[in-house]
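Reader: I am new to reading protein models. Could you take me through one, feature by feature?

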Amino acid sequence: AESSVSPLGGCEYVWHAAPDGGACFADESGGWIYVSNSELDDHEGGAGALRFDANGTLVDAYSVLHGTSRNCAGGATPWGTWLSCEEVDHGLVWECDPLGIEAAGVRPALGVFKHEAVAVDPLNRKLYLTEDQKDGCLYRFTPYRYPDLGAGKLEAARVIQGETGKVEWLEIEDPSA
C-alpha cells in the first residue's frame, strides 16, 4: 500500500491510506469540512477530516475516529454528524463530529455486522443500512428518540415471495447478535 502523506506542510496530522466513503459538511465560517473513512484493517482504520475556508484553501486536517477497522461507505446525517461503518465481522457504526470536538461514539443499536453504507430518511425518521455480504440484508433502524441513535428498533427486510415489490420488516430482537 502507498504510504500516507500530510496534506499540510506544517500539519502534524498524517492523512490516512485507503480512503473510502466521505461527505462534505458546511462550517460556520462559510467553508466546509470533508470527512473520509479509511478502509484499513487491524484497528488502523477510522476517519479523517480536511477543513477548507470559504475560498477553498485547506486550513486544517485531523482525525475524527481512530482505532477501528475497515471503515467503509458510511453516511452523513441531517443533524451534521458522520456515520462511519466498519466492514468487518462484528462491525459497528460510529457517530463522528466533523469538527473533531466531540469524541466519536459507537452506536451498537444499529447492529453488529459487516456494515457498508447508511442513509437517513429525515421525513420518516428512519435509517437504512446495508450489509457487505453476498447474502447480506437491508436493515431499517427507527430511533426511539430521533435523532438520538443510542436506542431504537432494528429490522431486516424480507421480500414476500410471489408478491412483486412487497417487503415486510422483521424485527431483530438483539442487534448485537
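Author: We go from the whole chain to single residues. This is a predicted model: local features need pLDDT of at least 70, side-chain atom pairs count only at pLDDT 80 or more, and totals for chains, interfaces and linings use all residues. Residues are numbered from 1 along each chain as its sequence is written, and side-chain values use heavy atoms, with hydrogens and water left out.

Reader: How many helices and strands does the protein chain have?

Author: Start with the definition. Helices (H or I, at least four residues) and strands (E, at least two) are DSSP runs, numbered from the N terminus. Here the protein chain has 13 strands and zero helices. Its radius of gyration is 17 Å, close to the 16 Å that the globule rule gives for 177 residues, so the chain is as compact as a globular protein of that length. That radius is taken over C-alpha atoms, and the rule is 2.2 Å times the number of residues to the power 0.38.

Reader: What share of the residues in the protein chain is buried?

Author: Buried means under 20% relative accessible area, exposed over 50%, partly exposed in between (1.4 Å probe, protein chains only). Buried residues make up 44% of the 177 residues.

Reader: Which residues touch the most other members of the largest nonpolar core?

Author: First, the idea. A nonpolar core is a set of buried Ala, Val, Leu, Ile, Met, Phe, Trp, Tyr and Cys residues joined through side-chain atoms within 4.5 Å. The largest one has 16 residues, and L110, L127, L129 and F141 touch the most other members. Two or more residues each come from strand 6 (82-85), strand 9 (115-121), strand 10 (126-131), strand 11 (138-145) and strand 12 (148-159). Strand 12 gives the largest share, three residues. Apart from this core lies another, of 12 residues, including F25, V35, Y62 and W94.

Reader: Where is L129 found, and what does L129 touch?

Author: L129 is found in strand 10. L129 is buried, with a relative accessible area of 0%. Contact means heavy atoms within 4.5 Å. Not counting residues up to four places away in sequence, L129 touches V93, L110, F113, H115, A117, V118, C137, L138, Y139, F141 and L154. With the same exclusion, L110 touches V93, H115, L127, L129, F141, L149 and L154.

Reader: In which sense do strand 9 and strand 10 pair?

Author: Two strands pair if DSSP finds at least two bridges between them. Strand 9 and strand 10 pair in the antiparallel sense, over five bridges. They form a hairpin with four residues between them, and R125 in the turn has a positive phi of about 55°. D121 stands opposite K126 in strand 10.

Reader: Which side chain does K126 join through a polar contact?

Author: A polar contact is a pair of N or O atoms within 3.5 Å; within protein, one must be able to donate a hydrogen and the other to accept it, and residues adjacent in sequence count only if both atoms are side-chain atoms. The side chain of K126 is joined to that of T142 by such a contact, of 3.1 Å. T142 has its place in strand 11. T142 is buried, with a relative accessible area of 18%.

Reader: Is T77 buried or exposed?

Author: T77 is buried, with a relative accessible area of 7%. T77 lies in the loop between strand 5 (75-76) and strand 6. Its side chain makes a polar contact with the side chain of T81 (2.8 Å).
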